Amino acid sequence: MNVLIVYAHQSSGSFNAAARDVAVEVLTEKGCTVDVSDLYAMNFKATATVEDITGGVKDPDCFSYAEETKLAWEEDKLSSDIVKEQSKLKKADLVIFQFPMYWFSVPAIMKGWIDRVLTLGFAFSPEKRYSEGMFRAMLSFTTGSLESMFSPNAINGDMTVTLWPLQNGILHYCGFQVLGPQIFWAPAHVSRSDCNTMLNGWRTRLQNLLNEEPLAFPPLDYFEKETGYQIKPEIDEKHATEEFGLTVGTHLGKKVPPNNQMIWAGSGYRLR
């Protein structure tokens, strides 16, 4: 299998670098071909601009990045750095995003990779949104706050809610099967021993990572195009007596299912 690690940290001595290295080591030992896009080392351009298109654009007076990059992708006119990353992505069976959480999201340079590489036409289209593909993706990241601070009763709020825009709004939207995230809680604020324990846990998980069941999301056919992609009445009726909603975002006015974005379907909660 081919694995792509999209990595965003400036320091080779960071915990994120150690987590990346563990993934490269274990997956290589398991026979995978592992490619790493080290965004800071690459000086990857984070801004989505007209310069991402070679040979001019269709409508320079009313520039639409999504539409213009779709045309550029179709006509082989995307900039070389985007083409290179899309080529890596096409070969990958699994993509791991390794990063420190910044402001409850990804660093700007990684957001730039997402904005520029996952272009309309290549990564998604109106017809193929939220459809499961063959490729898998996952988030692996460090936090600056302790685990206790990310809960429904804590100051940072429920981590499963924080993850919804990234895992549903980007990865699932583009058709990835999304594996449960690997979260390293506040490595800068715990002992070296605790850091080693977290890395060993990651090492253990990596041994069976390729066999994990992905997270559960409502499929596209749960929704009606004619009603503005509202949930189908029969699906709503089927879940009428359930205590919890379908997912964090599609909760049907019910309780948010616990840990919905943090566990994989094989470990408990699964859409029915």
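Colleague: Which residues have the most contacts inside the largest nonpolar core?

Modeller: In this predicted model, they are L89, V95, F97, M110 and W113, in a core of 38 residues. Strand 1 (2–7), strand 3 (94–100), helix 4 (108–117), strand 4 (136–142) and helix 5 each supply at least two of its residues. Helix 5 gives the largest share, six residues.

Colleague: What makes the set of 22 residues with Y7, L179, W202 and L209 a second core?

Modeller: A nonpolar core is a set of buried nonpolar residues joined through side-chain atoms within 4.5 Å. The set of 22 residues that includes Y7, L179, W202 and L209 is separate, so it counts as a second core.

Colleague: Back to M110, then. Which residues is M110 in contact with, leaving aside neighbours within four places in sequence?

Modeller: Those are V6, Y7, A8, L39, F97, Q98 and F99.

Colleague: Why is F176 called buried?

Modeller: The cut-off for buried is under 20% relative accessible area. F176 has 7%, so F176 counts as buried. F176 is found in the loop between helix 5 and strand 5 (177–178). Setting aside neighbours within four places in sequence, F176 is in contact with L89, V95, F135, R136, A137 and L171.

Colleague: How far apart are the C-alpha atoms of F176 and R129?

Modeller: They are separated by 10 Å, and the two residues are 47 residues apart along the chain.

Colleague: How do you know whether Q167 is buried or exposed?

Modeller: The relative accessible area of Q167 is 0%, which is under the 20% limit, so Q167 is buried. Q167 has its place in helix 5. Not counting residues up to four places away in sequence, Q167 touches L139, H172, V178, L179, P181, L215, F217 and Q261.

Colleague: What about the cysteines: why is C32 put in one class and C62 in another?

Modeller: C32 has a relative accessible area of 8%, under 20%, so C32 is buried. C62 has 57%, which is over 50%, so C62 is exposed.

Colleague: One last topic, the second largest pocket. Which helix gives the most to its lining?

Modeller: That is helix 5 (residues 159–172), with three residues. The lining includes R129, W164, N168 and H172, and the pocket's volume is about 220 Å³.

Colleague: How many residues of each class are in the lining of the second largest pocket?

Modeller: The lining has seven nonpolar, three polar and one charged residues. R129 is in the lining, and Arg counts as charged.

Methods: Residues are numbered from 1 along each chain as its sequence is written. This is a predicted model: local features need pLDDT of at least 70, side-chain atom pairs count only at pLDDT 80 or more; totals for chains, interfaces and linings use all residues. Side-chain values use heavy atoms; hydrogens and water are left out. On a 1 Å grid over the protein atoms alone, a cavity is a set of points where a 1.4 Å probe fits but cannot get out, and a pocket is an open set with protein on both sides within 12 Å along at least five of seven lines; lining residues have an atom within 4 Å of a point. Grid points are joined across faces, edges and corners, and a volume is the space filled by probe spheres set on the points. Helices (H or I, at least four residues) and strands (E, at least two) are DSSP runs, numbered from the N terminus. Buried means under 20% relative accessible area, exposed over 50%, partly exposed in between (1.4 Å probe, protein chains only). Contact means heavy atoms within 4.5 Å.
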